[in-house]
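Here is a quick briefing to read alongside the fold. Have the sequence and the 3D view open, and hop between them as you go.

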Amino acid sequence: MQAENASKINQYVIVGGGIAGVSAAETIFAHEPDSEIILICGESTLPYFRMNLTRYLAGELEASSLPLHPEEWYPSKHITLMLETFVETIDPQEHLVLLQGGKRVHYDKLILATGASPNVPPIPGVDIPGVQTLRTIEYANRIQDASKNTAEVVCIGGGLLGLEVAGAIAHSGGKVTVLEAMPWLLPRQLDEPASKNLQARIESLGVKVIVGIKTQAIVGDDRVRAVILEDGTELKADLVVISAGIKPNIDLACKVGAAVNRGVLVDAEMRTSVEDILAAGDLCEYGGQVYGLWVPAKAQGRIAGLTAVGLDEHFSATPPSARLKVMGIDLFSIGKISPSEADEFVIAGEIDGNYYSFLFGRGLMLGAILIGNNRLSARIKRAVDNAEDFSAKLNRETPVEEVLKLLS
């Protein structure tokens, strides 16, 4: 299908400078190079690789290596980049974006890519100085500054981000304790044996891990002093970092009357319920799911850009995958990890201290976990994404060594 109104110079406004917003801008320029694109960002820095913040925190990357594109790239693509700019409200009838300060910006199509904010549980004491979250480079700088002369750090939340933050701080010399309320680390990505293998690796690096425990309170006066657990244990803390998931930033969408649930509801072409307004990235809910991950956000931004210029392509969700990027630990998880149907079975085991688990159903590989050696991760991802049929090559009794040979 050809782009609509090819002879007209359209103005596209994108609110949000994360990967979804930048991906949308890239896509619009690729298909309508003469259009005007306005990218509105609340942060003061160029749009950057948010997923590399923990590597920056660990000192593995300089701030200069984080931007997605150099400053001169944006005007070369007809993109007006508005930094430190905030949207007050939107008038969908007049197709206007009203900025703080009173400026009005017209749009033909509007893409909301406002992302998400850290979820902070209602723990008493979360507002005490010295309690931090990680979402932006500004937050990372605060954690870096706070941890320079810090002896004891408590990370509340043992998800991927929490573990990466813990590893980054430990790499800088901090003494770190990770708290996870669930019975084991990464319960959405790992089964219990895999999690125990991971925990042993993390603890061998000097990071203490406590699972199956909830935080009762954070205490301190002018500065955080300790974390109190539900069993009464008191952990000394000079710095507390909370990593407890995300909350989609849906305020603007609500102001224009867009349908929302946990996130802004979108269809497969990233349309919201409001005409000429699309949404992409961490603020979106599609098919009952808020992804909150880099790869889906980038894909959704691309689809939103295509829809905006009048091209047809649907967002197709792929099985979620996860990698651990710090601590020197190779971890890869993809798709479904535990059986729920009668025909599903797991082939798993440890070889030379490395853990491997594969879930099969109807002859297809539905998911996998690798810890310690992830050289087969790309091959496995193709098998899961492409629904490769292994029914003629293995069964429930096949040893894990044979599965590895089959994939090599």
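A crossing of two helices is called left-handed if the near helix is turned anticlockwise from the far one by less than a right angle, and right-handed if it is turned clockwise. Helices (H or I, at least four residues) and strands (E, at least two) are DSSP runs, numbered from the N terminus. With that in hand, α1 passes α8 in a right-handed crossing.

This is a predicted model, so local features need pLDDT of at least 70 and side-chain atom pairs count only at pLDDT 80 or more, while totals for chains, interfaces and linings use all residues. Residues are numbered from 1 along each chain as its sequence is written, and side-chain values use heavy atoms, with hydrogens and water left out.

**The whole protein**

- The protein has 10 helices and 25 strands.
- Its radius of gyration (taken over C-alpha atoms) is 23 Å, close to the 22 Å from the globule rule (2.2 Å times the number of residues to the power 0.38) for 408 residues, so the protein is as compact as a globular protein of that length.
- Along the principal axes, the C-alpha atoms fill a box of roughly 65 × 65 × 35 Å.
- Of the 408 residues, 53% count as buried; buried means under 20% relative accessible area, exposed over 50%, and partly exposed in between (1.4 Å probe, protein chains only).
- Take the contacts (heavy atoms within 4.5 Å) with a separation of 6 or more: 61% of them are between residues 24 or more positions apart.

**The α1 and α8 pair**

- Helix α1 (residues 19-31) packs on helix α8 (residues 294-308) at an angle of about 35°, and their axes are 7 Å apart.
- Those axes are lines fitted to C-alpha atoms over the stretch in contact, and the angles run from 0 to 180 degrees between N-to-C directions.
- On the α1 side, the residues in the contact include Ala20, Ala24 and Ile28, and on the α8 side they include Trp294, Gly301 and Leu306.

**Nonpolar cores**

- A nonpolar core is a set of buried Ala, Val, Leu, Ile, Met, Phe, Trp, Tyr and Cys residues joined through side-chain atoms within 4.5 Å.
- The largest one has 56 residues, and Val13, Ile40, Ile90, Val97, Leu110 and Leu112 have the most contacts inside it.
- Helix α1 gives the most to this core, with seven residues.
- Apart from this core lies another, of 41 residues, with Leu160, Leu163, Val165 and Met327 among them.

- The buried residues of helix α4 (residues 137-147) are Ile137, Ala140, Ile143, Ala146 and Ser147.
- They pack against α2 (53-57), β9 (131-132), α5 (160-171) and β16 (239-242).

**Loop residues to look up**

- Serine 35 sits in the loop between α1 and β2 (36-40), and at 3% relative accessibility it counts as buried.
- Among the residues that serine 35 touches, leaving out those up to four places away in sequence, are Ile9, Tyr12 and His78.
- Aspartate 276, in the loop between β18 (264-265) and β19 (277-279), is buried, with a relative accessible area of 18%.
- Beyond its neighbours within four places in sequence, aspartate 276 is in contact with His95, Tyr107, Asp108, Lys109 and Leu110.
- Histidine 95 lies in the loop between β4 (87-91) and β5 (96-99) and has a positive phi of about 55° although it is not a glycine.
- Arginine 362 has a positive phi near 55° and is exposed, with a relative accessible area of 54%.
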